[in-house]
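Dear colleague,

Here is the structure I said I would pass on. My notes on what turned up in it follow below.

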Amino acid sequence: MPWNHRARPLLVTFEDTVTDRASAGADDLATLSGDLSEIDDGGVTASDVVRASLRSEALLAEVLARAPIGFALVDHELRFELVNETLAQINGVSVEDHLGRTIREVLPDVADAVEPLLRSVLDTGEPVTGMEIAGATPAQPGIERIWSANYYRLALHDEVRAGLFVEEITQSVAGRRRAERLASIAAVLAEADTFEAIEAIVVRQIAEYFDADVAVAGHWNAESGTVTILADAAIREMVAGAAFSFDADAPYAEAARTRRVVTVANLEDRRARYGSSLAPELVAQAVVPCITGDGAFTGVMVVGWLHPIEPDAFPLPQLRTVGSLVAGAFERNRLNHQRRRLITALQETLVNQPPQRDGLETVVRYRADSDALGFGGDWYDVLPLDDSRTALIVGDVVGHDPAAAARMSQVAASIAQLLVSGTELSAVFSEAERAMAARSMTSMSTVGVVIVDTDARTLTAFSAGHLPGMLIHPDGSVHQLTPALRPPLFRFFTPTSGITPIPYAPGTKLLLYTDGLVETRRSDLARDLERLTETLRIRAADSIADLVESLLADFAPVGQQTDDIALLGAFLS
């Protein structure tokens with residue numbers, strides 16, 4: 001039996017325990033029998049009680065000795081008094097070489113972590129449970145292992161000792177940490193918004209996760225029929241190039257064709273199956289097809305090592321899991337890329353750059369709500385009507401989504417068509433409402449129109465519920481441009497009355513805008529317009545381009561706006 005004790009006559013072995021107790025002095029046994037005489041009237045003798053006690057002690061000794069968890073007893077000087085075989089195996093030190101020696105003498109690499117805890121237990125009596133201790137023992141020198149330790153205080157023979165229960169949890173902790181790392185990889189892949197960002201995660205974090213020398217991922221380009229790897233040149237060289245096709249004689253193409261993980265265990269395996277088609281640096285590699293949950297092929301992930309891997313040692317379940325995470329990131333970014341291309345095309349169509357006109361310099365800006373699709377219900381337009389007249393238009397259809405953008409395009413097209421066709425200005429809005437009604441449009445829109453006549457040097461402003469334009473005069477004064485006003489476009493079918501041209505002086509600047517520039521969810525519109533007026537007064541000498549840019553920077557910093565903004569500035573020379 002693996003028990004021993006050098007300091008005092010405690011348990012030694014099962015047989016020794018029984019022998020020691022059986023040979024106790026007659027006086028001790030007599031004393032014990034006398035003490036127990038009072039209970040000897042039920043047919044139980046003192047000897048029976050003694051034998052039962054001895055059996056219990058021996059059984060306890062046997063249980064602790066053979067327990068699959070490490071156990072030890074240390075005195076107040078932290079010297080081992082009892083050690084079972086399990087703990088001896090954990091420590092790599094025999095039971096005999098523990099006894100009478102301190103924890104620091106037996107286990108110097110973990111003493112700094114263990115000693116303060118044990119002293120606290122001995123001094124306070126408060127147990128320590130489930131404490132993770134990391135370090136190395138003579139069983140595996142230089143290799144960090146992790147144990148779950150439970151320490152508690154015992155009072156024996158008027159002396160204080162500490163009991164230790166120790167269980168190795170290196171593998172379970174490693175599994176937990178790998179799960180945490182995998183969760184972290186999943187989280188950063190979920191936030192990656194470009195193919196380059198995905199590649200960086202693969203090169204750094206996924207390579208580390210698999211303890212690999214290199215890891216890359218390439219996304220599938222359906223138009224070219226190739227997989228393109230975006231890593232730097234050195235890494236691409238390690239995995240034999242930056243692109244490959246499905247019919248290539250290489251594990252990359254095989255994984256793509258078969259949609260199975262393809263592994264190469266060593267150089268001999270590689271030469272036998274693929275000849276010299278692979279980069280010489282990598283000895284072993286796993287090529288993982290990146291397949292989405294709905295079965296779409298999005299690319300491949302290559303994980304490589306500079307040393308051989310046993311054929312059955314590749315972590316195939318983990319490789320497939322990470323491959324599916326990369327696949328999801330690739331697919332999401334592919335769709336986002338298509339979405340951005342679509343948005344850009346629509347923006348260029350719906351809010352395109354205006355034509356330049358003699359005597360009229362225009363600057364336009366469009367910025368979508370930071371939470372929106374990328375375009376919405378706001379728009380601007382610069383529309384030549386004849387050689388000298390140009391219509392400057394801003395409008396706002398309720399909403400920020402694709403439906404709002406669709407309604408905006410219809411309203412904008414209707415207004416433009418009515419103005420170009422020479423419709424009486426007072427009837428433009430009412431006729432636009434009739435066109436909206438014919439299309440069963442029920443949303444509300446505001447529109448502001450200013451017609452600039454560079455020959456007559458006049459401005460003709462009329463508005464359907466839109467915010468007033470702002471005039472900056474050559475002398476630096478600022479005032480609101482008062483338009484002929486009627487309700488927003490809906491189904492009122494009312495004409496616009498009182499449309500009258502007003503003169504302007506050369507050097508005047510005009511600003512038209514939608515409410516996203518000045519309004520916030522908690523703002524007061526009158527105060528917002530006062531702030532805009534004061535800002536324009538301060539910046540009156542700026543060029544029209546600089547003025548527009550500064551207004552966006554001051555009133556709607558990138559990422560902080562809460563509504564779409566359409567902004568149209570004009571310099572009237």
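**The E6-E7 hairpin and its surroundings**

Glycine 225 takes a positive phi near 70° in the hairpin of E6 and E7, where 4 residues lie between the strands. Please keep in mind that this is a predicted model.

E6 and strand E7 (residues 226-229) pair in the antiparallel sense, with 4 bridges between them. Within that pairing, glycine 218 has isoleucine 229 of E7 as its bridge partner. E6 is also joined to strand E11 (residues 297-305) by 6 bridges, and these two strands run antiparallel. There, valine 216 stands opposite valine 302 in E11. Buried here means under 20% relative accessible area. Of the 8 residues of strand E6 (residues 214-221), 6 are buried, so the strand is largely enclosed by the rest of the structure.

**The five-stranded sheet**

Elsewhere in the chain, an open sheet is formed by 5 strands in the order E2-E1-E5-E4-E3, with antiparallel pairing. Its edge strands are E2 (80-83) and E3 (128-135), each of which pairs on one side only. From one strand to the next, the twist averages 30°.

At the E2 end, strand E1 (residues 70-74) pairs with E2 over 3 bridges in the antiparallel sense. Alanine 72 has valine 83 in E2 as its bridge partner.

**Helices H8 and H9**

H8 has a helix partner as well. How are two packed helices described? By the angle between their axes and the distance between the axes. For helix H8 (residues 170-191) and helix H9 (residues 195-209), the angle is about 180° and the axes are 11 Å apart. Angles over 145 degrees count as roughly antiparallel, and H8 and H9 are therefore roughly antiparallel to each other.

Which residues of H8 and H9 meet? On the H8 side they are Arg178, Arg181, Leu182, Ser184, Ile185, Val188 and Leu189. On the H9 side they are Ile198, Ile201, Gln205, Ile206, Glu208 and Tyr209. The residues of this contact divide into 8 nonpolar, 2 polar and 3 charged. Among the charged ones are Arg178 and Arg181 in H8 and Glu208 in H9.

Regards

Notes
Residues are numbered from 1 along each chain as its sequence is written. This is a predicted model: local features need pLDDT of at least 70, side-chain atom pairs count only at pLDDT 80 or more; totals for chains, interfaces and linings use all residues. Side-chain values use heavy atoms; hydrogens and water are left out. Axes are lines fitted to C-alpha atoms, for helices over the stretch in contact, and angles run from 0 to 180 degrees between N-to-C directions. Angles under 35 degrees count as roughly parallel, over 145 as roughly antiparallel, 65 to 115 as roughly perpendicular and the rest as oblique. Contact means heavy atoms within 4.5 Å. Two strands pair if DSSP finds at least two bridges between them. Buried means under 20% relative accessible area, exposed over 50%, partly exposed in between (1.4 Å probe, protein chains only).
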